[in-house]
Amino acid sequence: NDFNTLTATSGALVVSDSNHLIVSAAGINSANGLVDLSANGIGSLTLNGPISAGSGNVTLYAHGTVTEAGAGAVTGSTLTVNSSLAALTLNGPNNVSAARFSTAGGGAVSFNNLHPAFALSGTGGSLTVNGIGHVTVDQPLNFASGIDITSNTGITLSADVTPGANLVLTSSSGLIEQIGAGALFANSGTATFNAGSGDISLNAP
């Protein structure tokens, strides 16, 4: 397949494109069905409109960049975004309960989420996350060029966090804590923690 711009109203939606793929400003509504979009070849994937999957999962893949522009945003359950080479720039008003990222080529990841509590994991170059709700790292985070996570209501580390450079964890009004087996491996840069009026509890072995 070789589309240019995509709009869809459907149940589950799976689309694979041989090149660049653009979600139009009208967006995609899957009525709680999964959405799986792939831009292969040397392609990039751009969301100019919303993907509304309700309780469905959303998976986005591109050989190049994955970018939200204009009204681009994702609403769904688990959001999984992968790029073979380039950056993931997802700064729209996303609302998902879990976010999983991978940039095999070491690209930067930038993500904004409005969900009141969400899980986070991934690998790549650098990671910048801004969350309205509580952020739980429930699977490993490994970003070679640093990790910067901001939450309004708290950050919980229940899996390993490995920034290859600086680590910044900011919670404006909630606890920053480790539970279970989660450990920090931030020995290649500066670790900065700011919990506002909340407590900080980092006592993993």
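## Salt bridge

A search of the whole predicted model turns up one salt bridge. Its partners are the side chains of Asp138 and Arg100, with an N to O distance of 2.7 Å. Asp138 belongs to strand 14 (residues 134–143) and Arg100 to strand 10, so the pair ties together parts that lie 38 residues apart in sequence.

Arg100 has 18% relative accessibility. The cut-off for buried is under 20%, so Arg100 counts as buried. Asp138, at 31%, counts as partly exposed.

## Nonpolar core

In soluble globular proteins, nonpolar side chains tend to be buried together. The largest nonpolar core here has 46 residues. Leu37, Leu60, Phe101 and Ile149 have the most contacts inside this core. Strand 10 supplies the largest share of the core, five residues.

Setting aside neighbours within four places in sequence, Ile149 contacts Leu120, Val129, Val135, Val137, Leu141, Ile155, Val168, Leu169 and Thr170.

Ala104 sits in the loop between strand 10 (88–103) and strand 11 (109–113). Its relative accessibility is 66%, so Ala104 counts as exposed; the cut-off is over 50%.

Ala104 touches Ser83 and Ser84, leaving out residues up to four places away in sequence. Val74 is 30 residues from Ala104 along the chain, and their C-alpha atoms are separated by 22 Å.

Terms used:
Residues are numbered from 1 along each chain as its sequence is written. This is a predicted model: local features need pLDDT of at least 70, side-chain atom pairs count only at pLDDT 80 or more; totals for chains, interfaces and linings use all residues. Side-chain values use heavy atoms; hydrogens and water are left out. Helices (H or I, at least four residues) and strands (E, at least two) are DSSP runs, numbered from the N terminus. Buried means under 20% relative accessible area, exposed over 50%, partly exposed in between (1.4 Å probe, protein chains only). Contact means heavy atoms within 4.5 Å. A salt bridge is a side-chain nitrogen of Lys or Arg within 4 Å of a carboxyl oxygen of Asp or Glu. A nonpolar core is a set of buried Ala, Val, Leu, Ile, Met, Phe, Trp, Tyr and Cys residues joined through side-chain atoms within 4.5 Å.
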